[in-house]
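Here is a short tour of one protein chain, taken element by element. Have the viewer open and follow along as you read.

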Amino acid sequence: MKRILVSEHNRVSYIWLALITLAFLSVSAGLWTTTPESAIQYWYLYFSPLVLAALRFGLRGALFASALSVASILILYQSAQNALLPTLQTLEHLVETAASPRELRDLIVRTADVRATDPFTNLLRIFSGTALLVVSAILVGMLSDRSRAQEVENQSTQRMAQQLRRFFSPNLVDALLTSQQGVGPGSTKRKDLTVLFADLRGFTAMTERLEPEELIRILNEYLSTMTEVIFEFDGTLDKYLGDGIMAFFGDPIPYENHEERAIRAALKMRDRFFELRSRWVAEGREAVTLGIGINSGFVTVGSIGSATRVEYTVIGSNVNLASRLSSMAAPGQIVTSARTYSRIRHLVEARAIGRVEVRGLPRPMEVMEVLGYRLVPLGANGANREDDRLEDTIKRIVEDSTYRAWILTSPDQALADLELAEEGVALAQSVAALKGYPLFYNVPAAEIILLTRLASREAYRDGVVVVRQGDRDTKFFIIYRGEAAVLVTDDQGRELHVATLGRGNHFGEMSPLYNAPRTATIRAGERLEVLALDERNFHQLLDAAPILGGNIKAEARRRLASRSVPEPT
């Protein structure tokens, strides 16, 4: 049907082209008939339909219009020859009968007039001019065809880019279009990738209480935010799974650090989700949570599907494992396999959840929870890049108040000769600042160094709820930079601002110390950065750092006493 419609369209187009060309030729023929001696001036009437045909219909249209023009010239030539034949016969008779110079002069003039209107001379002029016009029209038609082909190619590229942007980040789309790497049907391969699954906890209960329009708005907001983060780290969006997301890293453009990209994306997804969750709770919505599972390994990747619908996706046992890790993740957790963690342990802190039975695997698998970024990344051999220099610097900061003051006032000069990485410089400055706060009074360098090894770094945007009153998570936090508001909800449901915490303050010790729910909500101020310890690392710090641990326990008892609440046993 489509071919028939196209043919019909072309037939109508050529009919209109013929009518326009014949209209120009009719005007030209009329002018030639009335003033044949100046017919050469009307070539543009031939040239016009040729150019129009070339621009509109390309090379074929130009050839069609040229054929009509040549045919009309031949017809006009034959008409001119028939019209001039009586004049030639008359002149021949005058030549034979000329008897005087005057008659001879008249004869010469008439002969010149005859040559001026000689059909053979005009024929030579017209055909040479017509040949030039036809060649010009053909060239214009060829250029027009090329231009139209380029336009079609550009439109096709734009349509392809629009389709690719549904699955790939803008950077990946540009790279794919530049490299012309195949991602079409049938282009499958086996490749080492990292697969990420994320889904909401508590979303099903939310669907039963919200209107459909409001539910779709929240879901779209969540999916848009998570997709934006995936694209930021050049991940490939595989599909949406209701309230879940499936993505993978390392294809179609290969990256050697695809595990690191996936982990960075997961940590930022969690941070951005906390922002969304804080806003939803402020709007009176249920406090849904997010769980993420990540696994690396060889998978089959490519275009898979039917003849009518194809998806660019990944399949295999490692994909199934990533999905199961996501299902195992507790609210707020990022869970990964020990194999994946071994590739990114230089970047993030993690704790072992234990060996877990995973359906489909012959033996239990070691599973890790990713806690957050290390304060100072490790080197390839597992040691700190500046371990000796950094530890010596921390010791000097703790023991030498003059050096500590120099770092606080002129950090560039004080740390210039140490050749520390950016993270090491930031840590040295923070240790110098934290040492002046009560929590770190009399704390030796060894205990502070232990804290830097056990803690991970987390950042929160303004307004994000870090912990919520009544929750039972067990993380402990020390403010590294920025401020946070302490909010308490009273019996009438009013949220009261009772304190503001700044650098050097800590919060969250009650839950891991006494296994008690959170007694207050902590909301981040502008760009809050904290040192975070999970329950295991928190208790390890208390056991191995008696002075710092004693300060934390003493502050916990003071806070309990200030609330006139008996100390839990």
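Which residues are exposed on the other side of α18? They are P546, A561 and S562. Please keep in mind throughout that this is a predicted model.

## Helix α18

Let us start with the helix behind that question. Helix α18 covers residues 546-562, 17 residues in total. From its first C-alpha to its last it reaches 24 Å, close to the 24 Å expected at 1.5 Å a residue.

The buried residues of α18 are L548, G549, I552, E555, A556, R559 and L560. They lie on the same side of α18, because they cover an arc of only 140 degrees around the axis. The cover over these buried residues includes α15 (445-454), β11, β14 (506-507), α16 (510-514) and α17 (535-544).

## Strand β16

Strand β11 (residues 476-481) is joined to β16 by five bridges, and the two run antiparallel. Here R481 has E529 of β16 as its bridge partner. Strand β9 (residues 456-460) pairs with β16 too, again in the antiparallel sense and over five bridges. In that pairing, R457 stands opposite L531 of β16.

How many of the six residues of β16 are buried? Six of the six are, across residues 528-533. In a regular strand, side chains alternate between the two faces of the sheet. For β16, L528, V530 and A532 are on one side, with E529, L531 and L533 on the other, and both faces are covered.

## Helix α7

Helix α7 (residues 212-232) has 21 residues, so at 1.5 Å a residue it should span 30 Å. Its end C-alpha atoms are 30 Å apart, which agrees. Just after α7, D234 takes a positive phi of about 60 degrees.

The buried residues of α7 are E214, L215, I218, L219, Y222, L223, T225, M226, T227, V229, I230 and F231. Among the elements that cover them are the strands β1 (189-201), β2 (236-241), β3 (244-249) and β4 (289-305). The helices α6 (203-207) and α8 (258-282) also take part in this cover.

## A closer look at V425

Our last stop is a single residue. V425 sits in helix α14 (residues 422-434). It counts as partly exposed because its relative accessibility is 24%, and the cut-off for buried is under 20%.

Leaving aside neighbours within four places in sequence, V425 is in contact with L415 and L420. V425 and L390 are 35 residues apart in sequence, with their C-alpha atoms 8.7 Å apart in space.

How values were computed
Residues are numbered from 1 along each chain as its sequence is written. This is a predicted model: local features need pLDDT of at least 70, side-chain atom pairs count only at pLDDT 80 or more; totals for chains, interfaces and linings use all residues. Side-chain values use heavy atoms; hydrogens and water are left out. Helices (H or I, at least four residues) and strands (E, at least two) are DSSP runs, numbered from the N terminus. Buried means under 20% relative accessible area, exposed over 50%, partly exposed in between (1.4 Å probe, protein chains only). Contact means heavy atoms within 4.5 Å. The expected span of a helix is 1.5 Å times one less than its number of residues. Two strands pair if DSSP finds at least two bridges between them. The arc is that of the directions from the helix axis to the C-beta atoms.
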